[in-house]
Amino acid sequence: MRAVLVVNPEATSTSAAGRDVLAHALASEVKLDVVQTRYRGHAADAAARATLEGADLIVVHGGDGTVNEVVNGMLRTEVATTTQRPCLSVIPGGLANVFAGALGVPRDPLEATHGLLHALAEQRSRWIGLGKVDDRWFTFNAGVGIDADVVAEVERRRGKGRRVTPWLYTSAATRCYLTSARREPLLTVQADDEPQVTALHAAMISNADPWTYLGRRPVHTNPETSFETGIGVFAFGNMLPHSVLRHVAQMLSDRAKPQGKSLFRRANISRLRVTCERPLRVQVDGDSLGELSVIDFVSVPNALCVVG
């Protein structure tokens, strides 16, 4: 088996020593090439090249941004006709590692590597569905409005040298809420062939449950959503403090399903169109896409083979 290990050396919890241990363990079982990313988009380029050259497996050691790049590289238009696409495996190396957590991969890189070697020995893999925003793939979630504002705010603070932590996300979310609560509702959504729903403030689209940026604390916007179902949508119709706090408590509960008169929520849908009265920020897998006015989300079943 030929494998390519894509390492982001700038990821929060990667190190040269950890990379060497991981590479040595994998090289004992597969023919391994190692790529260390050097620029934004390098992981996507490496994944596209590995796919075209017939690699059997791409292993990502980095955070969710690196994983998203690799997935988008593997599924680029120019490589989409490749007869055999490689499988993907993730060894956590970032702060949140949301996608790896949703797959059930251990947070500890050594434990995750051990699990991957067992999966390879047992030839254990599965196909999962992905979400897509226009021509950009996402693995676990996307959003329009406040959560995209939070992503942009975190990126801004990170650019000033701030360390990314759950507290930083919480602080950014509080600031963005105080700003967005004063806005008029600008969103209209249409899920599959249902009637349009208007006057919404923000929409979060999930491809897996749970997902989180709060360390080990899971967030459930659509508990019925999984890699084997369609996507889910969770949209606020009311930004008053008591309403938002109630829904946040529901999202953080392990048992309750978020509900309420001002909440629009659907699970297992095939497509979703979000229309904004003026351009709003959009994010996918924690990466900002900029500001858009019309955004089409689709669910693509059995889009990716994963090992581990």
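Visitor: How much space lies in the largest cavity?

Guide: On a 1 Å grid over the protein atoms alone, a cavity is a set of points where a 1.4 Å probe fits but cannot get out. Its volume is the space filled by probe spheres set on the points, which are joined across faces, edges and corners. Here the largest cavity holds about 70 Å³. This is a predicted model, in which local features need pLDDT of at least 70, side-chain atom pairs count only at pLDDT 80 or more, and totals for chains, interfaces and linings use all residues. Residues are numbered from 1 along each chain as its sequence is written, and side-chain values use heavy atoms, without hydrogens and water.

Visitor: Which residues line the largest cavity?

Guide: Lining residues have an atom within 4 Å of a point. Among them are I146, R183, E184, H201 and L280.

Visitor: What are the buried residues of α8?

Guide: Helices are DSSP runs of H or I, at least four residues, numbered from the N terminus. Buried means under 20% relative accessible area and exposed over 50% (1.4 Å probe, protein chains only). In α8, residues 241-252, the buried ones are S243, V244, H247, Q250 and M251. Seen down the axis of α8, they fall within an arc of 120°, taken from the directions from the axis to the C-beta atoms, so they line one face of the helix. H242 and L245, on the other side of α8, are exposed.

Notes: Helix = DSSP H or I, 4+ residues; strand = E, 2+ residues; numbered from the N terminus. Expected span 1.5 Å × (residues − 1). 1 Å grid on protein atoms, 1.4 Å probe; cavity = no way out; pocket = protein on both sides within 12 Å on 5 of 7 lines; lining within 4 Å.
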